[in-house]
Amino acid sequence: MTQDALVTVDTSALEHNARTLRAAVGDVEVMVVVKADAYGHGAVASALAFERAGVDRLGVADLDEAVALRRGGVTLPVLAWLHAPGETFERAAQHDVTPAVSDLAQLEAAARAGVRAVHLCVDTGLSRNGAVESEWSALFARAAELQAELPVEGLMSHLANASPAEDGHQAAAFARAAGAAREAGLQPRLLHLAASAGALVQEGARLDLVRFGLAAYGLSPFADRTAAQLGLRPALTLTAPVTTVKRVPAGEGVSYGYVFRPERDTTIAVVPLGYADGIDRAASDRAEVTIGGRRYRVRGRIAMNALVVDVGDDPVAVGDEVVLFGDPARGHVGADEWAAAAGGITYEVVACLSPHLPRRHA
Amino acid sequence: MTPAPLRLATVDLAAYRANLTSLVERMAPAQVLAIVKSEAYSHGLEVMVPEAVAAGVRWFGTVELEPALRLRRAGLGDEASMLAWQLGPDEDYAGAVEHRVDLGVSTLDQLEAFAGAARASGGVALLQLDLDTGLHREGCLPGDWPALVRRAVELRDEGVVRLRGVFSHVSETSPDDDRDALDQFTAAVARAEALGATFELRHLSSSSAGMEHAERRFDLVRMGSNGYGIPVTEGVTAADRGLRPILTLSASVVRTKRVAPGTGVSYDYTWRAEHETTLALVPVGYADGVSRRAQHGVEVTIRGRRHPIVGRVAMDQFLVDVGDEPVEVGDEVLLFGPGDRGELTIGEWADRTGTIPEEVACRIGPRVPRRYVGGVA
């Protein structure tokens, strides 16, 4: 944790995004994915905001995350799809969490535990979770035998976003899976395949339910379209106060390794955020921040607890608020710019923020 | 079958103590200050501090004040001194006085605020002066130094501050730059003494400088990464230093699948199987601290054998190509550790993902439970 550094999450932006996305996809169910602490936004507070906005369901990776939502008072249906070996699903039954199961062992365990319903997860090309095509008939047949006690509510897969053609192959494979499930006697009410990118651009991929992750937080899943162009508002702002200001003569080094040596006399401002707070060290000497609405570049190496900004000859003072990233519509640097500076993706910028940073939901 | 953990970070407290004990012995007569910033490099502040005390450490550097106050309020490390020097604009100086935390002060404003808090409570401010010898972060610039020292001496004479120490940080840029920092430090201490200051402790060196240059140890060496068994000097391994990495990151295989030649894996299909092969799904991703740069040559260890990560690391998971090996669901996957079981060390992991081991340790995420072994405190 760092003095007065703060992650501010605008829950009204989360609600706005959820409503905007629902309107964009028409008459299908909307699931918002709140795994990884709601992509760094704070799982419970974000989930409650999405609940207020009328989303139908929430998705998480694992049961620990699902149980944490329940303990926080979240009542929406919750789906979890990444399970430990030997998972008993007793917690899922106890907390009314719907598991997505990928194999017979998980299906049997879910039935034994008495969960209310399951989704079946099939691999249509991503090669991660999900039963592969050769396993479908056995999985579907057993699910059909069990369905009196364990209803199969949904059938799901996940797109690789490799190319429109590859996504088309996956959609075709998913249609085969749905057909095989029906032949086996299953009637899954919710077929779902698409996440943010697929749901927004491929109407045909929306099926019965779409899963929104990044877009729900007001961040664009596309390289060529901004959040604002999608009608979304970034909800998260990362700020910290300037803790030190000093004048540095031309040619002197700054921070570890002296990567930055100013060519002329300049003023540097120290900001108490570093890689331990989740700021990617790879953004060193490249990323930009704003102070008082003006952009300044991070200079030198980002350290564990501090980074240095070159403010030139501007009158920046100790205590001034530094916005690392937030909503470009309010003049902030975008999380996508930090991702580009670090050679990564926007998802990482928010999801890797340290759990020790204080989060304020407003 | 008992559920295997999805993900696990194991902290070897016996190795932590052994590292620190060895450092305490090697640095003597200089004292060792253990750096426990950032929740003890994310190992867990409240667990690590009592272990370090058991290993003979009597100084802790929390960098920021808040964790030092948290330790004091919990009664942890009570027999030790604590030092913080990265101070915010609205710092809790009264808390520092009340809980006997040394503050490294860089400016007159900070000095007055600290002394004012002591005066108000009738206590004593444990003061250290922080000099900038080139790093240009915290620290008093040489031009401002005489004024800071004069005021500190006045406040000492007034009885509201105890002048405990003087210190600086070196940038570890080059031998020349670091020698320059040493000269500046020595000169600034001499200047301060000429102005009437006397210091109980002088310190300049952190882990590597403390190991390599006996003449830079002065009275105390600030040991960060070495304590955790991750020496930062390029080309130097923990074993070279007689140290042992204390952190192991592991996970369980949650799925295996046989795939045909040409099968693409994970987002964007950045990797395709050349031959028929088996893929193992490992449930840790970048939200857990596994960098997206961990592909192309980064290997994990399963059943004592190395296997490459293939395709993109996702938020919660990645895939490993295990070839025709008999890997099963539930098998333990070692990402990095001390290296005893064929796994990469944290230093090797950092090298292959384009960063430093401290960043690897600090970015292990909140979904990864910590398991502590070998504790005595």
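Reader: How many bridges join S13(A) to strand S16 of chain A, and in which sense do the two strands run?

Author: Pairing is read from bridges and from direction. In this predicted model, S13(A) is joined to strand S16 (residues 321-325) of chain A by two bridges, and the strands run antiparallel. One position to look at is Thr290(A), which stands opposite Val323(A) in S16(A).

Reader: Which residue stands opposite Ile291(A) in S14(A)?

Author: That residue is Arg294(A). Strand S13 (residues 288-291) and strand S14 (residues 294-299) of chain A are antiparallel and are joined by four bridges. Together S13(A) and S14(A) form a hairpin, with two residues between them. In the turn, Gly292(A) has a positive phi of about 55°.

Reader: How is the open sheet of eight strands in chain B paired, parallel or mixed?

Author: The pairing in that sheet is parallel, and the order is S8-S7-S6-S5-S4-S3-S2-S9 (chain B). Strand S8 (201-203) and strand S9 (220-223) of chain B stand at the edges; each has a single partner strand, so one side of each lacks a neighbour in the sheet. The twist averages 25° from one strand to the next. As a case of parallel pairing, strand S4 (residues 81-84) and strand S5 (residues 101-105) of chain B share three bridges. Asp102(B) in S5(B) is the bridge partner of Leu83(B).

Reader: Why are H6(B) and H7(B) described as roughly parallel to each other?

Author: The description rests on the crossing angle of the axes. Helix H6 (residues 108-121) and helix H7 (residues 145-158) of chain B have axes that come within 10 Å and cross at roughly 10°. Angles under 35 degrees count as roughly parallel, and H6(B) and H7(B) are therefore roughly parallel to each other. Leu108(B), Leu111(B) and Ala115(B) in H6(B) meet residues of H7(B), among them Ala147(B), Leu148(B) and Arg151(B).

Reader: Into which domains is chain B divided?

Author: Chain B has domain 1 (13-232) and domain 2 (247-373). Taken over C-alpha atoms, the centres of these domains of chain B are separated by 38 Å. Contact between them involves 11 residues of domain 1 and 12 residues of domain 2. The side of domain 1 of chain B that touches domain 2 has six nonpolar, five polar and no charged residues.

Reader: How many residues does the contact take from chain A and from chain B?

Author: A contact between chains may be described by its residues on each side. This one takes 62 residues from chain A and 61 residues from chain B. Elements that each supply at least two residues of the chain A side include helix H2 (35-39) and strand S12 (266-271) of chain A. By class, the chain A side has 30 nonpolar, 20 polar and 12 charged residues.

Key: Residues numbered from 1 in each chain as written. Chains lettered and ligands numbered in written order. Predicted model: local features only at pLDDT ≥ 70, side-chain atom pairs only at ≥ 80, totals over all residues. Domains from an automatic or database assignment. Contact = placed C-beta atoms within 7 Å. Nonpolar A, V, L, I, M, F, W, Y, C, P; charged D, E, K, R; others polar. Pairing = 2+ DSSP bridges. Axes fitted to C-alpha atoms, helices over the stretch in contact; angles between N-to-C directions. Parallel < 35°, antiparallel > 145°, perpendicular 65-115°, else oblique.
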